[in-house]
Amino acid sequence: MTRFNAWNVFKNGLIGQTDWDRQWRDPEPKKEYDVIIVGGGLHGLATAYYLAKNHNIKNIAVVEKGWIGGGNAGRNTTIIRSNYMMPGNHQFYEHSLKLWENLSHELNYNVMFSQRAHISLFHSPAARDAAARRYNIMNLNGTEAELWNLGQLKKNIPHLNYEDARFPIIGAAVQRRAGNARHDSVAWGYARAGDELGVDILQNCEVTGVKRNKGRIEHLETSRGLIKAKKVGFAVAGNTSRLWEMAELGNLPIETHKLQAFVTESIKPLLDQVVVYGVGGAHFYISQTDKGSMVFGGDLDWYKSYAQRGNLPIVQDSAEAAMAILPCLGRIRLIRHWAGVMDMTMDGSFFICKTPIENLYLNAGWNYGGFKASPASGWYFADLIATELPHKYIQHHNLERFEKGINLDERGAGPDPKLHG
Ligand SMILES: Cc1cc2nc3c(=O)[nH]c(=O)nc-3n(C[C@H](O)[C@H](O)[C@H](O)COP(=O)(O)OP(=O)(O)OC[C@H]3O[C@@H](n4cnc5c(N)ncnc54)[C@H](O)[C@@H]3O)c2cc1C
């Protein structure tokens, strides 16, 4: 594989870009693999890469029903942060952020990670107190975190609506190392690096059935034929409950919801940070891409569905939320919006765990925060599949935690999946 470096870019510039290799192969499915990961999103691709890289397993396939990165991987608003406080969650997301910080080098692929800071606005003293608790815990755990008063916020972002916002802005919680990355690049980077280590990436290969024999999966039925597997990992995000049913495992503590994102026409540089706020039920986040578009999103569509499209009331809600803090956006044109399918859990935390089937492993429940988790998710899921033991950071991220009363509810929102943003 031709590496991306200054010399190769220069050389290819001179010879009409003719000396680049194909980024990944398009192999025919083998009859059998040591590990099959179902789902060619970020979590599936990262898992395959770390299985090969960290655990030296070579006979791996990623099975994707469409094209890699065509699910939530390519539909999200790309916010990366590690402002978590619950034991396990904090260490997991901080490790993920550290992996992001070196990911372009690790994969030899520019994932365009931009550490531009994540700014959570406060609109009440109560919100400030709750954030102070979380951000102080982060500091105690070694993750830098700041609380800005109104003066500091105005100095850094002078053009927010400080005058007549319906919910006045009084300060912000800040993580400077947080930011954005380019989602397609992350999928392509993991695919290319995994392929180089021998991972077969099988696109247009939908799993349509799971054939079991005495508590083990024997093979997967796919649109490209039967494929045997010694171990199978599900990393299908919003489709988890469908695959779970195929494996005849009953219900999961997951609800499937839709989340929309919006992108505007390009404008001159306006916002150099990720800005977020939440008041009551409202939730809003916005940033500007390198091309100049404003990318933003809000809350779920508030009803369960597997459809990858959203509804108009949320367009209105999100546009109103944008106007509330950046009224200067009033005449900008919205050019696209779309939806992804979220696997929302009862406590807002994820699952990386074993299942009632001996050789089936589960990676799911990313709510709408799984983009930032992708590197660590792949790292710890690969670790579980290879070693059969959950790492201590994810030891409670299993399906039994609800029976045991283990609390991983970061927001304290209670057992209602749609409240865990
Ligand atoms: C609008 C929106 C905004 C978001 N914003 C953020 C954000 O700012 N920050 C953040 O951290 N997270 C965000 N998220 C969440 C994040 O995108 C997801 O949590 C994450 O992408 C899920 O993991 P994944 O990439 O592996 O999922 P996906 O990309 O959905 O991968 C799952 C794959 O499984 C495949 N699949 C499904 N069924 C089958 C089958 N039967 N056979 C074979 N393949 C199958 C699908 O085609 C899909 O490609 C957002 C999500 C959305 C939709």
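Modeller: Let's start with classes: Ala, Val, Leu, Ile, Met, Phe, Trp, Tyr, Cys and Pro count as nonpolar, Asp, Glu, Lys and Arg as charged, and the others, Gly among them, as polar. Here, the shell around the ligand has 17 nonpolar, 15 polar and five charged residues. This is a predicted model, where local features need pLDDT of at least 70 and side-chain atom pairs pLDDT 80 or more, while totals for chains, interfaces and linings use all residues. Residues are numbered from 1 along each chain as its sequence is written, and side-chain values use heavy atoms, leaving out hydrogens and water.

Biologist: Which residues come nearest to the ligand?

Modeller: Being near takes a heavy atom within 4 Å. Of 37 such residues, E64, N72, A73, T77 and K372 come nearest.

Biologist: Where are the polar contacts (N or O pairs within 3.5 Å)?

Modeller: Ligand oxygens sit 3.0 Å from a polar backbone atom of L42 and 3.1 Å from one of H43. With T77, a polar side-chain atom is 2.8 Å from a ligand oxygen. Overall, the protein covers 96% of the ligand's own 990 Å² of accessible area (Shrake-Rupley, 1.4 Å probe).

Biologist: How do I read two packed helices?

Modeller: You give the angle between their axes and the distance between the axes. Helices (DSSP H or I runs of at least four residues) α3 (residues 89-101) and α10 pack at about 100 degrees, axes 8 Å apart. They are therefore roughly perpendicular (65 to 115 degrees).

Biologist: Which residues meet there?

Modeller: Taking contact as heavy atoms within 4.5 Å, F92, Y93 and W100 are among those in α3, meeting α10 residues including F371, K372 and W379.

Methods:
Polar contact = N/O pair within 3.5 Å; in protein donor to acceptor, adjacent residues only side chain to side chain. Axes fitted to C-alpha atoms, helices over the stretch in contact; angles between N-to-C directions. Helix = DSSP H or I, 4+ residues; strand = E, 2+ residues; numbered from the N terminus. Parallel < 35°, antiparallel > 145°, perpendicular 65-115°, else oblique.
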